[in-house]
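I opened a new notebook page for this model. The entries follow the order in which I looked things up.

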Amino acid sequence: MSTEAIAVEKPKRNYNVLFGLTLLALLVLLWILLSVATTSFASANNIANLLRQGSMIAIMAVGQTFVIITGGIDLSVGAVVGFATVVVAMMINAGFPIWLAILVTLLVGVAIGMFHGFGIVKMGLPPFIITLATLTSLRGIGLLMTNGNSININSDTFTAFSRNSFIGIPNLFWMVILVGIPAYIFLHHSRWGRYLFSVGSNAEASRLSGVNVQRTIYMAYTLSGLCAAFVGVLLAARIGIGNPTQAEGWELQAIASSVIGGTSLFGAVGSVHGPLLGAFILATINNGANLLNVNSFWQRIITGALIIIIVYFDGLRRRGK
Amino acid sequence: MISTAQELHPAPVLEPGRTILELRGLEKRYPGTHALKPVDLAFKSGEIHAIVGENGAGKSTLIKLLTGVMPRTSGEIVWEGQPAALATPHEAMALGINAVHQEVVLCRHLTVAANMFLGEENSRFGILQQRAMVRQAQTIIDDLGFDLPAHVTLGDLTIGQQQLIAAARATVRGTKFLIFDEPTAYLTRKEADQLFTLIRRLKGEGVTIIYISHRMEEVFELADRVSVLRDGTLVGTRNIAETNDAELVKMMINRSIEQVYHKEHFTPGAAIIEARNLSGKGFENVSMTVRAGEIVGLYGLIGAGRSEFVTTLYGRHRKSAGQILWEDKEVQVNSEHDAIKLGMALAPESRRDQGLCLNLPVGFNLNLPIYKRISNNLLISSTQEKTQADRQIADLRIKTPTRGALASSLSGGNQQKIVIGKWLAHGAKLFIFDEPTVGVDVGTKAEIYRLFGALLSKGAGIILISSYLPEVYELADTLHVFRRGKLVATHGFHAASHEDILTQALAEKQEKLGGQI
């Protein structure tokens, strides 16, 4: 092709913003519809409940998005959440200070993420396989540790945290902001964020450009493990127990939130605000369906349909229709 | 000696057989690109018709139209006197039009026999007749004179052998019209000879062969007629006996060699990098020095060890023996990161696989090596990010609507400018260009060569790898010839003839090629 004749493509710089606004509009629309359709949706209690439900998936989805941007997947996050509830519960019950229990739990999440990085980078395992293996083993290790029982956490200070609010907004939602803002800066305004994208787009080109690809992959899975362990702490506080079978299937919800939020499973496309909105859209659908007395089985079907529709339209857009 | 009158009015082209396929005003436009301007051309049965032209001249477009891979914009294709739609690959195959592509498009995990019969499996009551198919495939392969087993997995064969299987596959399908797209790119001479035998035999059976190649010697060895494409236009068709190398090249590029290769000479300065008896995977005992202000050319065939040598310098692969000296001090280059830190930059061979993040913006690609510099410990300076990218786009005249456009939306030449441009702001001292002008049109080539001059004037050194002899010959101050992992000869600028260099690079192939180049 001659230089004069480039296939000119319209720049898509504002696409991210536009897509975010569309998701936000969808979320607001859902809220308006549900406020009209049900009496209880708009109550302070229900909104607080909805925010609590959405928050945990949202935080997991952020970590998951980092991994997906590199072209990988982290199936272990649900199991990490369950395992983390066990770790934090055992430590608190053993009399360790709460801050230490939380810190150790978070470090366990980091260690699991590092292990994933090791499996992918050093052992050459596909991300799908290594994280699937962790998913099942972590549940098993948790069950061994607890002998299959739930651990009741005997610290009110710890459990009160997740029930309380700060200036009218549930603490759990504040945690989304606590994670979201640094995550946003990290992904969009730091070079490590850029490297996540470049590795997801073309690892070899990145390597030849001086990007430490291995370290970038370690970082993505570590952050995902960290986010999941953090959610584990929050979940333990919310339900007051440690139980390795908690958070069954949350990995799929996290992936769904991420994908609904515009992350491409082929890598190199994604944001932080997208998965956050995606998680709250999913939470709203579930919450609304409960209020409308829709059979809860339908919620799963609706989630599936939503994924197909959004990814289909996103694909159309990317192919330039 | 050709008279002037004959040059102006070439003798009417010989027509050995009847017309099998005729193009009437065949045209293809892509959004923003006129890939093929109306072409009128008739192919005869039983002829070998070579099509030559630079990368981007429209050869691939023509093949895609003929094989039904893409629809044409306008014009007619007449097959055996009947207009043909050629809207799908299936229709093309049903007519008897097949293609053997440069990259083998077969299933690597299936057996040779399974590939030969792919889509036309021999089955009885729905059960595959596997043994019968292997037997038949073996008969066909033996018959063609290829010494290959039919029962092995295709992926276990070399690329060249796979290419032969692809050709054999095309012959058993009632093919009347067979297109070869640079079939010898990955073949050894022996394999190429087997392929040529097959091609001549098909010709004898009345099959029309379209032979696309960059290798002039093959065109003169095989073809009856040759058509030249340039910038999507059919420049002309010649009988092979009535033309020569120089005429075809002139038709292909329409400008003289001096206009393209703009060579500036600088007095070489201090040594930037030196390899002493360096060995590694794919090459052994290579010594050379690159000094400031000089271009060191590495010439050789694909697989001669040139790319392996430079990627080892660049820390991509480990050296097994020898030393690397950077500015006269011995260094250990254990990773690309080390190399970049020293001041090396590599524009790799394959833009798509190694050079670019295609689905990310142009500006992102340009800044990738320097993100460390344009960020403080935490944040990237977005002003710097913009100004750096825009400056490179302007300096290199990269044709892109904005820095935010995706790299995949640019043409090959402009993509190559990104691959090179991302190192300019980095301030490297040694630039390694591995086949920098593959798939790039002449205009962009000239721009890239001028850029070399600009780098040299700033005191940089350049290693230029090319499989295209005129390129290294006209540009390199020092030219090293590689053959089978060894550095076999070194010449100064224009110190040896093309023939000598080719002989050194090819060695055993010499007699075949005879003065055709």
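How many helices and strands are there in chain B? I counted 20 helices and 22 strands in chain B. Helices (H or I, at least four residues) and strands (E, at least two) are DSSP runs, numbered from the N terminus.

**Ground rules.** This is a predicted model, where local features need pLDDT of at least 70, side-chain atom pairs count only at pLDDT 80 or more, and totals for chains, interfaces and linings use all residues. Residues are numbered from 1 along each chain as its sequence is written, while chains are lettered from A and ligands numbered from 1 in the order in which they are written.

**Chain B, overall.** I looked up the radius of gyration, which is taken over C-alpha atoms; the globule rule is 2.2 Å times the number of residues to the power 0.38. Chain B has 25 Å, close to the 24 Å that the rule gives for 517 residues, so chain B is as compact as a globular protein of that length. Its C-alpha atoms fill a box of roughly 65 × 55 × 50 Å along the principal axes. I found 44% of the 517 residues of chain B buried. Buried means that 20 or more other C-beta atoms, placed from the backbone, lie within 10 Å of the residue's own.

**A sheet in chain B.** Six strands of chain B form an open sheet with mixed pairing, in the order 6-9-10-3-11-12. Two strands pair if DSSP finds at least two bridges between them. At the edges I noted strand 6 (97-100) and strand 12 (233-239) of chain B, each pairing on one side only. Neighbouring strands are turned by 20° against each other on average, direction ignored.

Inside the sheet, strand 3 (residues 48-53) and strand 11 (residues 225-230) of chain B are parallel, with five bridges. There B:Ala50 stands opposite B:Val226. Helix 7 (residues 189-204) of chain B packs on this sheet and touches strands 3, 9 and 10 of chain B. Contact means that two C-beta atoms, placed from the backbone, lie within 7 Å.

**A hairpin in chain B.** Strand 21 (residues 478-483) and strand 22 (residues 486-492) of chain B run antiparallel, joined by six bridges. B:Leu479 stands opposite B:His491. Two residues lie between the strands, and B:Arg484 takes a positive phi near 50°.

**Chain A.** I counted 13 helices and four strands in chain A. Of its 321 residues, 50% are buried. The radius of gyration is 20 Å, which agrees with the value near 20 Å for a compact globule with 321 residues.

How do helix 8 (residues 191-201) and helix 10 (residues 213-239) of chain A pack, and at what angle? The angle is about 105°, with the axes 10 Å apart. That makes helix 8 of chain A roughly perpendicular to helix 10 of chain A (65 to 115 degrees). Residues meeting there include A:Trp192 and A:Tyr195 from helix 8, and A:Ile217 and A:Met219 from helix 10.

**Confidence in chain A.** I checked pLDDT, the predictor's confidence in each residue, from 0 to 100. The mean for chain A is 88, and 93% of its residues reach 70 or more. Helix 4 (residues 98-121) of chain A is highest at 96, and helix 13 (residues 296-318) of chain A is lowest at a mean of 78. Over residues 1-13 of chain A the pLDDT is below 50. Where pLDDT is low, the predicted coordinates should not be read in detail.

Conventions:
Axes are lines fitted to C-alpha atoms, for helices over the stretch in contact, and angles run from 0 to 180 degrees between N-to-C directions. A residue is buried if 20 or more other C-beta atoms lie within 10 Å of its own, exposed if 12 or fewer, and partly exposed in between; C-beta atoms are placed from the backbone. Angles under 35 degrees count as roughly parallel, over 145 as roughly antiparallel, 65 to 115 as roughly perpendicular and the rest as oblique.
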